[in-house]
Amino acid sequence: MAALTGHEAEVVDAVPTGLLIGGSWRSTDATIDVEDPSTEAVIATVADATAADGDAALAAAVAAQGDWAATGPRERGEILRRAWELITAQADDLALLMTLENGKALKDARAEVTYGAEFFRWFSEEAVRISGRWSVAPAGDTRLLTMRQPVGPCLFITPWNFPLAMGTRKIGPAIAAGCTMVVKPARSTPLTMLRLAEILAEAGLPDGVLNVITTTSTGEVVEPLIRDSRLRKLSFTGSTEVGRSLVEQSAEQLLRVSMELGGNAPFVVFADADVEAAVDGAMIAKMRNGGEACTAANRFLVHESIAEAFTAALSERMGALTVGRGSEDGVDVGPLVDRPTLDKVSELVGDATDRGAAVRTGGRRVGEQGYFYAPTVLAEVPVDARILQEEVFGPVAPVTTFSTDDEAVAAANDTPFGLVAYVYTNDLGRAVSVCERLETGMVGLNQGIVSNPAAPFGGVKHSGFGREGGPEGIDEYLETKYIGIKL
Ligand code: NAP
């Protein structure tokens with residue numbers, strides 16, 4: 001097992017490893033091992049919370065809520081702004097930390113640090129723009145005052161694939177709106193969130209506003225919090241399966257809920273598209289974060305007249321990527337996050353080839369140690385292949401063809417998911433018509449990325465509900481109160 005280099009060890013050792021509750025770091029008897037997916041070596045151990053620790057974290061958030069809601073919006077915004085500056089100043093070390101626990105290539109980790117930090121800058125600017133409304137009732141006898149207030153203590157549950165940004169997308173608007181929170185990051189990538197919590201404290205966030213718990217007893221710790229009447233809001237990013245069970249649990253208290261769930265993004269290339277531009281976009285839509293993104297293009301639907309040109313060019317670009325330890329220079333694609341993810345990718349490729357798909361590049365594991373998988377392009381993928389129905393969450397691009405626009409739209413929508421779709425066409429009328437007919441929360445039109453802190457990110461159907469980012473992002477953390485005033 002390869003050890004960490006000197007600087008890598010320094011970056012990891014600097015991270016607090018306890019639970020952050022009410023401004024104090026608490027250790028626990030049990031601990032969680034954090035593994036480097038490149039080497040399978042344990043690089044750190046962090047605290048393993050019990051249900052009692054979860055309860056203490058919620059109590060701390062509840063205790064801090066009143067004062068925090070009364071803090072001036074400018075001050076809340078400036079804490080976020082300072083946190084953005086601090087993250088930006090140490091972007092390289094944060095990116096390295098993320099790469100070590102998640103495996104992603106350093107360039108992906110750097111991009112995530114920028115993207116994740118931008119939520120703090122965006123919501124620092126939104127904090128002072130929370131406003132209400134004053135109007136005259138139609139009959140003229142009363143006045144209608146509408147005000148917006150923080151929803152109250154929140155619970156955030158985040159996944160391992162974007163350890164920073166999936167947190168800042170929730171924490172940023174919650175801080176701006178005046179909410180306190182308990183954050184539970186994924187057990188495999190807790191270090192980035194623990195470091196982020198320390199940065200927020202350094203930026204001046206008062207004790208108890210942000211509490212962080214890491215645990216292996218996820219269900220036992222989280223469920224009582226969701227059923228607790230002191231909690232007012234749940235925001236979850238992760239799989240549809242877990243999200244569905246959390247929605248059921250949240251019904252007891254009729255919680256405000258936001259769900260950012262799985263995807264199965266179609267990438268549709270029409271005959272009139274610029275093939276070179278479509279391949280550039282496909283590389284981003286497929287390979288950003290090594291394919292481990294809810295927004296990753298999962299199905300390539302290409303018009304039959306250009307399918308071979310597109311597949312050949314995509315295969316060449318995918319085959320030229322360098323796979324290796326994410327923290328090493330020149331690496332384009334790091335390992336997958338863990339063995340189950342590697343096994344699932346291998347299984348889905350095996351299923352497709354068993355049913356007749358052709359491997360144009362890749363199609364195999366790389367090396368014996370670490371969870372590396374070769375960037376892969378599959379052609380002639382039959383419609384019943386599992387890879388067209390399930391989120392592959394890895395560097396695999398299955399290509400299928402279509403002949404008419406109606407066929408393309410029907411295939412794109414033929415999934416229970418509805419997070420994002422990508423469309424390449426130079427025909428304006430077709431672009432508008434297809435975008436209108438796609439059953440997704442977002443569309444990348446002639447671009448392979450939609451994530452932007454200034455835009456409302458979110459899905460429909462089994463991809464969830466609620467929006468993160470943009471002016472809509474703060475609405476998730478505000479209640480509307482109306483006061484009728486008799487003159
Ligand atoms: P996951 O298994 O659902 O885990 C996500 C989070 O939920 C983790 O913190 C996990 O904790 C926690 N969790 C697991 N079981 C739980 C339970 N019974 N009760 C409460 N919390 C529980 O998903 P994942 O495999 O980590 O992440 C990949 C999924 O996230 C993909 O489907 C992807 O599409 C989706 N995703 C969606 C978005 C979006 O914005 N729509 C963004 C990124 C990822 P543990 O670590 O302890 O398991």
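Q: How many helices and strands does the chain have?
A: Helices (H or I, at least four residues) and strands (E, at least two) are DSSP runs, numbered from the N terminus. The chain has 15 helices and 24 strands.

Q: What kind of model is this, and how are residues numbered?
A: This is a predicted model, in which local features need pLDDT of at least 70, side-chain atom pairs count only at pLDDT 80 or more, and totals for chains, interfaces and linings use all residues. Residues are numbered from 1 along each chain as its sequence is written, and side-chain values use heavy atoms, with hydrogens and water left out.

Q: What does the radius of gyration of the chain agree with?
A: The radius of gyration is taken over C-alpha atoms, and the globule rule is 2.2 Å times the number of residues to the power 0.38. For 487 residues, a compact globule would have a value near 23 Å, and the chain agrees because its radius of gyration is 23 Å. Along the principal axes, its C-alpha atoms fill a box of roughly 70 × 65 × 40 Å.

Q: What percentage of the residues in the chain is buried?
A: Buried means under 20% relative accessible area, exposed means over 50%, and partly exposed lies in between (1.4 Å probe, protein chains only). Of the 487 residues in the chain, 57% are buried.

Q: What is the accessible surface of the chain?
A: Accessible areas come from the Shrake-Rupley method with a 1.4 Å probe; for residues, only the protein chains shown count as cover. The total for the chain is about 18500 Å², and carbon and sulfur atoms account for 51% of this surface.

Q: How many positive and negative side chains does the chain have?
A: Lys and Arg count as positive and Asp and Glu as negative, while His and the chain ends are not counted. The place of a charge is NZ of Lys, CZ of Arg, CG of Asp or CD of Glu. The chain has 42 positive and 67 negative side chains, and 7 Å separates the centres of the two sets.

Q: What percentage of contacts in the chain joins residues at least 24 apart?
A: Contact means heavy atoms within 4.5 Å. Counting contacts between residues at least 6 apart in sequence, 73% join residues at least 24 apart.

Q: Which residues does Met-287 touch?
A: Met-287 is placed in helix α10 (residues 275–287) and is buried, at a relative accessible area of 8%. Not counting residues up to four places away in sequence, Met-287 touches Asp-108, Ala-282, Met-318, Leu-321, Val-333, Pro-375 and Pro-395.

Q: Is Leu-254 buried or exposed, and is Asn-289 buried or exposed?
A: Leu-254 is exposed, with a relative accessible area of 74%, whereas Asn-289 is buried at 3%. Leu-254 has a positive phi of about 50° although it is not a glycine; its place is the loop between α9 (240–250) and β11 (256–260). Asn-289 has a positive phi of about 65°, although it is not a glycine either, and lies in the loop between α10 and β13 (297–303).

Q: Where is Pro-398 found, and how far is Pro-398 from Ala-297?
A: Pro-398 belongs to strand β18 (residues 396–402) and is buried at 0% relative accessibility. Pro-398 and Ala-297 are 101 residues apart in sequence, and their C-alpha atoms are 9.4 Å apart in space. Outside the four places on either side in sequence, Pro-398 touches several residues, including Asn-298, Arg-299 and Phe-300.

Q: Where does Thr-341 lie?
A: Thr-341 lies in helix α12 (residues 339–354) and counts as buried, at 14% relative accessibility. Not counting residues up to four places away in sequence, Thr-341 touches Glu-292, Leu-336 and Phe-393.
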